[in-house]
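Thanks for coming. I will walk through one model, starting with a helix and ending with a pair of side chains.

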Amino acid sequence: MKTAAGYAAGLLFGIGLAVSGMTDPARVVGFLDVAGAWDPTLMFVLGGAVITTFIGYRLVFKRSTPLLGGVFQLPTKRELDAKLLGGAALFGIGWGLSGYCPGPAIASLGGLSLPLLAMLATMVLGWFVARRLSA
């Protein structure tokens, strides 16, 4: 049941990305182009995500345990460090250059292009480098 719920959540997320147009890297680049032809669509999509998450967390944490798990798994680390800031900077740079972040990139696999393939390859490379540096 837990796996089926994960697949359903992923499918819903992918459909939401496609319907909102976030699988189009030109839309993301248009949002980042504040000095040119700025496209505010991403701001509304992100705002909707923040509101949904805010409400969802309030509802979920009224429960003593997760619906499909034993205990809530929450991060305990609260301080900013070089790894976190460096990773966030690399994520932002990659997102700005390619127009893709991981969710929309994976949702866009059906229309694989050379820029998408390059982004996915560097993302996987980044995972391997991060695992080597953390070991």
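Which residue follows H1, and is its phi positive or negative? The residue is Gly-21, and its phi is positive, near 85 degrees.

Some ground rules. This is a predicted model, in which local features need pLDDT of at least 70 and side-chain atom pairs count only at pLDDT 80 or more, while totals for chains, interfaces and linings use all residues. Residues are numbered from 1 along each chain as its sequence is written, and side-chain values use heavy atoms, with hydrogens and water left out.

On confidence: pLDDT is the predictor's confidence in each residue, from 0 to 100. The protein chain has a mean of 87, and 100% of its residues reach 70 or more. Helix H3, residues 41-60, is highest at 91, and helix H5, residues 102-107, is lowest at a mean of 84. Helices here are DSSP runs of H or I, at least four residues, numbered from the N terminus.

Back to H1, residues 2-20. Gly-14, Leu-17 and Ser-20 are buried there, meaning under 20% relative accessible area with a 1.4 Å probe, protein chains only; exposed is over 50%, and partly exposed is in between. Why one side? The face turned away carries the exposed residues Tyr-7, Leu-11, Leu-12 and Val-19.

Last, the side chains. The structure holds one salt bridge, that is, a side-chain nitrogen of Lys or Arg within 4 Å of a carboxyl oxygen of Asp or Glu. Asp-81 and Lys-77 form it, at 2.5 Å, N to O. Asp-81 is partly exposed, at 25% relative accessible area.

Notes
Helix = DSSP H or I, 4+ residues; strand = E, 2+ residues; numbered from the N terminus.
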